[in-house]
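The following exercises concern contacts between side chains.

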Amino acid sequence: GSTSATRPPPPPPPPPPPPPPPPPPRANPPPPPVRGLPSPAPGVNAAAVESLRRFGGPAPARKPAGGLFGLFGGAAAPAAKGPVQVDTSLPRHLEAQGAEVHQLGARVRELFAGGQFGDALGVAERRLDLCRRTYGSEHAMYATCLNDVATFEQVFARYDRAEALFEEASKIQKKLLGQGHPHTIATLQNLAALYTAKGDAPKAEAMQLLVQALQLSSSGGGDGP
């Protein structure tokens, strides 16, 4: 009989392609953005930015209208024995400088809102110098400008200068407004935030206790008229 040719076995299927390599791990993922603020830029202290979010940032630039350039907004709240009157009027030859102080304050807030902390510090420094030449170094407006510069020094972790500026502002406010005035208390809150950002828990706790005691005393009305 006839014999059929034996067919060779089919070739084996090609091996599957290797899986793609996993993406390289991110060594230092960026921190999540602080609510209401952009992510901290290089060189910016994240804890200090968080304290800005909590405590309000630089003082709003509000034009004086017979009241006080208030830290964190508004006119000065009346004290228990009557409102604290601080004269923010200027001689005619200084009115243009006063208007520029106001404009620079608005610019500081704008830069702060955009996360441009370095530029904001530069404008705040200019405003502080102009305020000193316009209002003098023993004025509530000057204390507000000190607070703004100190705020941004804190952002860049230059804690020694920030603390010195906050303390200088606090001395002016205690002298002009009194220990329990909202603006004075706000500066003490800034100091508490500074101590928290630098990791000094005992000082931060002590300052917060002082702030709470002053707030309680103020809300209770203090002594009668």
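**Exercise 1.** Determine which residue forms a salt bridge with Arg161, and where the two partners lie.

*Solution.* The model is a predicted one. Step 1: the partner of Arg161 is Glu125, and their closest N and O atoms are 2.6 Å apart. Step 2: Arg161 belongs to helix H5 (residues 159–177) and Glu125 to helix H3 (residues 117–135), so that the pair links distant parts of the chain, 36 residues apart. Step 3: Arg161 has a relative accessible area of 35% and is therefore partly exposed. Glu125, with 27%, is partly exposed as well.

**Exercise 2.** Classify both partners of the salt bridge between Glu138 and Lys175 as buried, partly exposed or exposed.

*Solution.* Step 1: the closest N and O atoms of Glu138 and Lys175 are 3.6 Å apart. Glu138 is found in the loop between H3 and helix H4 (140–155), whereas Lys175 is in helix H5; the two are 37 residues apart, and their pair links distant parts of the chain. Step 2: the cut-offs are under 20% for buried and over 50% for exposed, with partly exposed in between. Step 3: Glu138 has a relative accessible area of 48% and is therefore partly exposed. Lys175 reaches 62%, so it counts as exposed.

**Exercise 3.** Examine the salt bridge of Lys198 and Glu163, and state which parts it ties together.

*Solution.* Step 1: the N to O distance between these side chains is 3.7 Å. Step 2: Lys198 is located in the loop between helix H6 (182–197) and helix H7 (201–219), and Glu163 is located in helix H5; the pair therefore ties together parts that are 35 residues apart in sequence. Step 3: Lys198 has 32% relative accessibility and counts as partly exposed, while Glu163 has 12% and counts as buried.

**Exercise 4.** How many salt bridges does the structure hold, and which residues do shared partners join into one network?

*Solution.* Step 1: the structure holds 10 salt bridges. Step 2: salt bridges that share partners join Glu125, Glu153, Arg158 and Arg161 into one network. Two of these residues, Arg161 and Glu125, form the bridge treated in the first exercise.

**Exercise 5.** Describe the geometry of the aromatic pairs that involve Phe117.

*Solution.* Step 1: a pair of aromatic rings is described by the distance of the centres and the angle of the planes. The count of such pairs in the structure is three. Step 2: Phe112 and Phe117 are 6.2 Å apart, centre to centre, with 50° between the planes, and their pair is tilted. Step 3: the centres of the Phe117 and Phe152 rings are 6.4 Å apart and the planes stand at 35°, so this pair is tilted. It links distant parts of the chain, since Phe117 is in helix H3 and Phe152 in helix H4, 35 residues apart. Step 4: Phe112 and Phe117 are both buried. Phe117 has a relative accessibility of 3%, and Phe152, at 0%, is also buried. Step 5: ring pairs link Phe112, Phe117 and Phe152 into a cluster.

**Exercise 6.** Where does Asp119 lie, and how far is it from Val108 in sequence and in space?

*Solution.* Step 1: Asp119 is part of helix H3. Its relative accessible area is 47%, so it is partly exposed. Step 2: Asp119 and Val108 are 11 residues apart in sequence, and their C-alpha atoms are 8.3 Å apart in space.

Definitions and conventions:
Residues numbered from 1 in each chain as written. Predicted model: local features only at pLDDT ≥ 70, side-chain atom pairs only at ≥ 80, totals over all residues. Heavy atoms only, no water. Salt bridge = Lys/Arg side-chain N within 4 Å of Asp/Glu carboxyl O. Helix = DSSP H or I, 4+ residues; strand = E, 2+ residues; numbered from the N terminus. Buried < 20%, exposed > 50% of the residue type's maximum accessible area, 1.4 Å probe, protein only. Phe/Tyr/Trp six-rings, centres within 6.5 Å; stacked < 30°, edge-to-face > 60°.
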